[in-house]
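Please keep the sequence and the coordinates open while reading.

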Amino acid sequence: MKLKDAATVKTDYPEADFWLVRRGSEDSVGQVTREYSPYHIGIKVHRTEILLPDYLYYVMMHLHSIGAWKVRARGTLSLVHITVSDVKNIELSPS
């Protein structure tokens, strides 16, 4: 199952549970925040019977800490970005 099967993922999403920094340096891209910005990627869990929003928040923090977004980041020089599609297609389970 992919994240898009359990959550809505899009930019300019003030109703989201939390957001990921979409663009910046390789170190900041994918950083998790609870502060809304229309430029960040918002994630709102709609399948709360299988995935808790707070748990996913910490999973995303872990992915950022191990550099999972660095390999997906696109761009040149010091400014890179990740796409909504990158986030939607994160694999949640091997099924």
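## Basis and salt-bridge criterion

A salt bridge is taken here as a side-chain nitrogen of Lys or Arg within 4 Å of a carboxyl oxygen of Asp or Glu. The model is predicted, so local features need pLDDT of at least 70 and side-chain atom pairs count only at pLDDT 80 or more, while totals for chains, interfaces and linings use all residues. Residues are numbered from 1 along each chain as its sequence is written, and side-chain values use heavy atoms, with hydrogens and water left out.

Helices (H or I, at least four residues) and strands (E, at least two) are DSSP runs numbered from the N terminus, and two strands pair if DSSP finds at least two bridges between them. On these terms, four strands make up an open, antiparallel sheet with the order β1-β5-β2-β4. Its edges are β1 (7–11) and β4, each of which pairs on one side only.

Within this sheet, β2 and β5 run antiparallel and are joined by three bridges, and Phe18 has Ile43 in β5 as its bridge partner. Helix α1 packs on the sheet and touches β2, β4 and β5, its direction making about 20 degrees with that of β2. Contact here means heavy atoms within 4.5 Å, and the axes are lines fitted to C-alpha atoms, for helices over the stretch in contact, with angles running from 0 to 180 degrees between N-to-C directions.

## The three-stranded sheet

A further open sheet consists of three strands in the order β3-β7-β6, again with antiparallel pairing. The edge strands are β3 (23–24) and β6 (74–76), and each of them pairs on one side only. Two bridges connect β3 with β7 (residues 79–81) in the antiparallel sense, and Arg23 stands opposite His81 in β7.

## Salt bridges

A search of the whole structure gives five salt bridges, including the pairs described here. For the accessibility values, buried means under 20% relative accessible area, exposed over 50%, and partly exposed in between (1.4 Å probe, protein chains only).

Arg34 and Asp54 meet through their side chains in a salt bridge, at 3.2 Å from N to O. Because Arg34 lies in the loop between β4 and β5 (41–45) and Asp54 in helix α1, the pair ties together parts that are 20 residues apart in sequence. Arg34 counts as partly exposed at 42% relative accessibility, and Asp54 likewise counts as partly exposed, at 46%.

Asp86 forms a salt bridge with Arg74, with 2.7 Å between the closest N and O atoms. The pair links distant parts of the chain, Asp86 being in helix α2 (residues 84–88) and Arg74 in strand β6, 12 residues apart. Asp86 is buried, with a relative accessible area of 11%, whereas Arg74 is partly exposed at 40%. The side chains of Lys70 and Asp27 also meet in a salt bridge (3.1 Å, N to O), and this pair spans 43 residues, with Lys70 in the loop between α1 (53–65) and β6 and Asp27 in the loop between β3 and β4 (32–33). Lys70 is partly exposed at 38% relative accessible area, while Asp27 counts as exposed at 54%.

## Aromatic rings

Rings of Phe, Tyr and Trp (its six-membered ring) pair if their centres lie within 6.5 Å, and planes under 30 degrees apart count as stacked, over 60 as edge-to-face and the rest as tilted. Three aromatic pairs are found in a search of the whole structure. The rings of Phe18 and Tyr57 have centres 5.4 Å apart and planes at 85 degrees, so this pair is edge-to-face. The pair links distant parts of the chain, with Phe18 in strand β2 (residues 18–20) and Tyr57 in helix α1, 39 residues apart. Phe18 counts as buried at 0% relative accessibility, and Tyr57 is buried at 12%.

Tyr57 and Tyr58 have ring centres 5.2 Å apart and planes at 90 degrees, so their pair is edge-to-face, although Tyr58 counts as exposed at 52% relative accessibility.

## Charges over rings

A charge sits over a ring if NZ of Lys or CZ of Arg is within 6 Å of the ring centre and within 35 degrees of the ring normal. Arg34 lies over the face of Tyr57, at 3.8 Å from the ring centre, and the charged end of Lys10 sits over the ring of Tyr13, 4.6 Å from its centre.
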